[in-house]
Amino acid sequence: MEPKIHSGSLKADGLRFAIVESRWNELLTTKLTAGAVDALSRLGSRNEDIEVFKVPGSFELPLAAKRIAETGRFDAVICVGVVIRGETPHFEYVAGEAASGITQAALSTNVPVLFGIVTADTVEQAMNRCGIKSGNKGFEAAMSAVEIASLLGQIVEEGGTAAGRAG
Ligand code: INI
């Protein structure tokens, strides 16, 4: 017998999303939010199912994401920010703490919290990853949000625990 494969669909209709946007490098972070909204609407989201929350900087993304996830109102929370190495001597702290805080926010709430933060060495690199040239990290994070939210929706407890069946 073939193994049963579970994988998330790319259908966003019926799901609710929060986008948490950092105001640092706002000219670029607004592009990430626009990219995320574009991806969600292409996948079937309605605007009334998307809410945007603004925070001062990327360092503040995890706490806001955690509080938003705890409300239970959203199927996924998408964090967007831009941290540029050349512009900040504490790049490692801001980017590193944002990354580990986002992981903690997801694990502690059981709600997917997506990493849509551009970490770049230069402004030009950052611009390229915010949709100015080609890719948009907000768009990518939103696609992943839909997929993981859909997969988590498929994970239901069937037939007790693995330990129970083994015993
Ligand atoms: N926040 C960013 O999102 N990007 C940056 O490049 C940045 N720099 O350069 O410092 C930045 N700093 C602010 C930080 O996120 C916090 O808002 C601040 O330290 C207050 O906690």
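Among contacts in the protein chain between residues at least 6 apart in sequence, 78% link residues at least 24 apart, where a contact means heavy atoms within 4.5 Å. Keep in mind that this is a predicted model, in which local features need pLDDT of at least 70, side-chain atom pairs count only at pLDDT 80 or more, and totals for chains, interfaces and linings use all residues. Residues are numbered from 1 along each chain as its sequence is written, and side-chain values use heavy atoms, with hydrogens and water left out.

**Layout and overall form**

- You'll find 6 helices and 4 strands in the protein chain; these are DSSP runs (H or I of at least four residues for helices, E of at least two for strands), numbered from the N terminus.
- Walk along the sequence and the pattern reads β-α-β-α-β-α-β-α-α-α.
- Along its principal axes, the C-alpha trace spans about 55 × 35 × 35 Å.

- Buried residues make up 41% of the 167 in the protein chain, with buried meaning under 20% relative accessible area (1.4 Å probe, protein chains only).

**Nonpolar cores**

- In soluble globular proteins, nonpolar side chains tend to be buried together.
- The largest nonpolar core here has 26 residues, and Phe-17, Leu-40, Ile-78, Val-82, Val-118 and Ala-126 have the most contacts inside it; such a core is a set of buried Ala, Val, Leu, Ile, Met, Phe, Trp, Tyr and Cys residues joined through side-chain atoms within 4.5 Å.
- At least two residues of this core come from each of β1 (17-22), α1 (26-42), β3 (76-84), β4 (113-120) and α5 (137-154).
- Another core, of 22 residues, lies apart from it and includes Val-20, Ala-65, Val-83 and Val-113.
- Not counting residues up to four places away in sequence, Val-118 touches Leu-32, Gly-81, Val-82, Val-83, Ala-126, Arg-129, Cys-130 and Lys-137.

**A look at Ala-12**

- Ala-12 sits in the segment before β1 and counts as buried because its relative accessibility is 0%.
- Ala-12 and Leu-40 are 28 residues apart along the chain, yet their C-alpha atoms are separated by 6.5 Å.
- Neighbours within four places in sequence aside, Ala-12 is in contact with Phe-17, Leu-40, Leu-43, Gly-44, Ser-45 and Val-146.

Conventions
Buried < 20%, exposed > 50% of the residue type's maximum accessible area, 1.4 Å probe, protein only.
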